[in-house]
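Here are my notes on the model, point by point. Please read them with the coordinates open.

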Amino acid sequence: MLLVIVCAFAVTALAFLSSSIASYLVASSIDDETSDLLSNALPSVRAIVQAHRGLRRLRESTSEAVLAGPPRNMAQANQHMKELEQAVAAEAQTPWYPGEIEIYDERVLPSLSALHEALDDFERFDGAPLDDPALRASAMRLEGAENRVDAALEDWEDVNHEPAFGGAARILQSRRNVARATLYLDIGCSIVALVATLYVIGFARHFEAVMRRNVQLEAERAEELDLVAQRIAHDLMSPLAAVSLTLNAIERKHKDDETARAVQRAQRVLERSRRMVHGIYAFARASAAPAPGAAAPLRAAVSDAVTALLASEGDSGLTVDVQSFEEVDVKMERGLLDTVLTNLLSNASKYTAKAPVRRVTVRARAEATRVHVEVEDTGPGVPVGFVDVVFEPYKRAPGSCEGGLGLGLATVKRLVCAHGGVVGIRHAPSGGAIFWFELPRAPARAAATESAEREAPGAGTLHPRPSG
């Protein structure tokens, strides 16, 4: 379909281009014909007309001289002879048409020469009476010379008339041809453009139908995923409750300090897991819409997520550096914020497993309406060409041998974007990757609430290190 549209537009453009080229060529031809008329045919015809006029005046002058009797005034006749010769000379300066130079050499010049001799001979009889036979013979020779010049000029004029009238006829025909060709090409262009437009409309409708179907499929898939999330979250509550009961039983049976501390750590992790499950369950039940008025303390969430990560890593040598930032709340439920931070920290830890230095750095920056959080690792970084798809479901970096389904970062993106935030990734100066997200900043909470959050379990140091 796309190829047909491209071809249709190409044909349309080619038709319009052909029309323009044809018009230009015909216009150039008309310009050449017009230039030839102005520079050759018309000046030649004008010069020959002036020669005819000079010849006619010469005849009138010689006729008057014959009838006037002695003394005869030949000054006007000589002046008209000069006008005739000047007009012939002017015509000879123009470009020659085929056959024109032959008439000039064989007819015009000899007849002019003969006329000049006849005029000089007639002028010798200036004082002769009208009945002088020699005068009459000279007058007859002069009249014959004038007739021969007149015939030569007419033949010469015919040679120039044909190009002049022929050029004008060709100009007229060219204009008719270009008008006809332009009309046909315009009609063809219009037809092709109409066909291309119909194809574009059909393609647009097809594309719109495909997009509507994709949106419908995405909505159905999102609904299915929400149902699955609800089911999973609901099913996880029972084992979590069982684990909580087991921890309470252990705490009652074993009263020593070491067991109490271990149970407390497990209870904090269990409580954090319970918050995450509740958050996902509520998020799924709300059809992936954020809860109104939701707010979570960022510092406490980061502290708990880091503590849980270090506890799971044990003595693996991982170092987590949480750089100091001001206490701020974000517009997201605490359980969902825990999920976002856990997925990002787990991803960073996973890809630094084989790094010479295993270090994860967490930074946060509070702005007027937004909160920017970054998680930087010292892993191999994101391969070139994979940055744009790293947050898509089931996408794994080429050659990656790490475990998982490829849903952690996709979950991060979905939760953050659903709450009006954005996610991204860029290369770290150390060669690793920096995953970041931004969320809207929640209004400041009351001092008592902030104090309670600071005293809540899991709100530890901002620079945790692994024990041992």
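1. Leu336 is buried, at a relative accessible area of 1%. Buried stands for under 20%, exposed for over 50%, and partly exposed for what lies in between, with a 1.4 Å probe and protein chains only. Leu336 belongs to helix α7 (residues 334–350). Helices are DSSP runs of H or I with at least four residues, strands are runs of E with at least two, and both are numbered from the N terminus.

2. Some ground rules. This is a predicted model, in which local features need pLDDT of at least 70, side-chain atom pairs count only at pLDDT 80 or more, and totals for chains, interfaces and linings use all residues. Residues are numbered from 1 along each chain as its sequence is written, and side-chain values use heavy atoms, with hydrogens and water left out.

3. Val416 is 80 residues away from Leu336 in sequence, yet their C-alpha atoms are 9.1 Å apart. Val416 is one of the buried residues of helix α8 (residues 408–418); Leu409, Ala410, Val412 and Leu415 are buried there too. Just past α8, Gly420 has a positive phi of about 80 degrees.

4. Next, the strands. Two strands count as paired if DSSP finds at least two bridges between them. Strand β2 (residues 319–322) runs parallel to β4, with four bridges. Thr319 has Arg359 of β4 as its bridge partner. Strand β4 (residues 359–366) is antiparallel to β5, and seven bridges join them. A hairpin of three residues connects β4 to β5. Two pairs to inspect are Arg363 with Glu374 of β5 and Arg365 opposite His372 of β5.

5. On its other pairing, β5 meets strand β7 (residues 433–440), again antiparallel and over seven bridges. Here Val373 faces Phe437 of β7. How enclosed is strand β5 (residues 370–377) by the rest of the structure? Largely, because seven of its eight residues are buried.

6. The aromatic pairs deserve a look. The whole structure holds three of them. Trp96 and Tyr104 have ring centres 5.4 Å apart and planes at 45 degrees, so this pair is tilted. For the cut-offs: rings of Phe, Tyr and Trp (its six-membered ring) pair with centres within 6.5 Å; planes under 30 degrees apart are stacked, over 60 edge-to-face, and the rest tilted. Trp96 is partly exposed at 34% relative accessible area, while Tyr104 is buried at 15%.

7. Tyr104 also pairs with Trp156, again tilted, at 5.4 Å centre to centre and 40 degrees between planes. This pair links distant parts of the chain: Tyr104 is in helix α3 (residues 100–123) and Trp156 in helix α4, 52 residues apart. Both Tyr104 and Trp156 are buried. Together, Trp96, Tyr104 and Trp156 make one aromatic cluster.

8. The charged end of Arg299 sits over the ring of Phe325, 5.9 Å from the ring centre. The test asks for NZ of Lys or CZ of Arg within 6 Å of the centre and within 35 degrees of the ring normal.

9. Last, the surface. Leu183, Tyr184, Ile187, Ile191, Val195 and Tyr199 form a nonpolar patch with about 580 Å² of accessible area together. Patch residues have over 30% relative accessible area and no salt bridge; nonpolar side chains (Val, Leu, Ile, Met, Phe, Trp, Tyr) are joined within 5 Å, like charges within 9 Å. A salt bridge puts a side-chain nitrogen of Lys or Arg within 4 Å of a carboxyl oxygen of Asp or Glu. Areas come from the Shrake-Rupley method with a 1.4 Å probe; for residues, only the protein chains shown count as cover. Ile187 lies in helix α4 (residues 133–253) and is partly exposed at 42% relative accessibility.
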